[in-house]
Amino acid sequence: MPNIETARTQVLATHSYDKLDCIVKASLDQAMEFMMALREIKRRKLYTEGGFTTWAEYCQSRLNWTPQWANSQIHIAEMQQKHGNMSGKAAIALRNVEESKQAEVVAIARERQGSGITVPMIQDIAHEISP
């Protein structure tokens, strides 16, 4: 008898591109919601209501993540929510840009490079617009 993961894989293998693309889009929305919920748990220290004494304990026990990894994932989601879709590496690089200049850097990068914003592009533009 196949396990649940094998059965799920077999079902997905029968879906069309359109059906699978809908699943991907819905999953991205769920991932963003997940990250925003995680951010609120951290920000408001709600993990204590679940019996966890620290953010690190919550991350390790609930997610099997380090707190540093959880923090970086939250940051990526925040940058994507604020500035649109970009790679995780680009979102992390944007963290090093003064907050008041982030939107300008992203706008210039998208103008020059389309949706494929790169870390060097962010760094170069941030340097160009700095006084």
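I started with a pair of charged side chains: Glu 128 and Arg 112 form a salt bridge, with their closest N and O atoms 2.8 Å apart. (I call it a salt bridge when a side-chain nitrogen of Lys or Arg is within 4 Å of a carboxyl oxygen of Asp or Glu.) The pair links distant parts of the chain, as Glu 128 is in helix α7 (residues 119–129) and Arg 112 in helix α6, 16 residues apart. (Buried is under 20% relative accessible area, exposed over 50% and partly exposed in between, with a 1.4 Å probe and protein chains only.)

A note on what I am reading: this is a predicted model, where local features need pLDDT of at least 70 and side-chain atom pairs count only at pLDDT 80 or more, while totals for chains, interfaces and linings use all residues. Residues are numbered from 1 along each chain as its sequence is written, and side-chain values use heavy atoms, leaving out hydrogens and water.

How many salt bridges does the count come to? I get seven by this rule. Salt bridges that share partners join Arg 39, Glu 40, Arg 43, Arg 44 and Glu 78 into one network.

I then checked Lys 82 and Glu 99, whose side chains meet in a salt bridge at 3.2 Å, N to O. Lys 82 lies in helix α4 and Glu 99 in helix α6 (residues 99–113), so this pair ties together parts 17 residues apart in sequence. Lys 82 is partly exposed at 46% relative accessible area, whereas Glu 99 is exposed at 58%.

Asp 21 and Lys 25 form another salt bridge, at 3.3 Å between the closest N and O atoms. They are four residues apart in helix α2 (residues 17–43), so about one helical turn separates them.

Is His 75 buried or exposed? I find His 75 buried, at 9% relative accessibility. His 75 lies in helix α4 (residues 67–83) and touches Ala 91, Ile 92 and Arg 95, leaving aside residues up to four places away in sequence. (Contact means heavy atoms within 4.5 Å.)

Last, the whole chain: I count seven helices and zero strands. (Helices are DSSP runs of H or I, at least four residues; strands are runs of E, at least two; both are numbered from the N terminus.) Of the 131 residues, 27% count as buried. The C-alpha trace spans about 65 × 45 × 20 Å along its principal axes.
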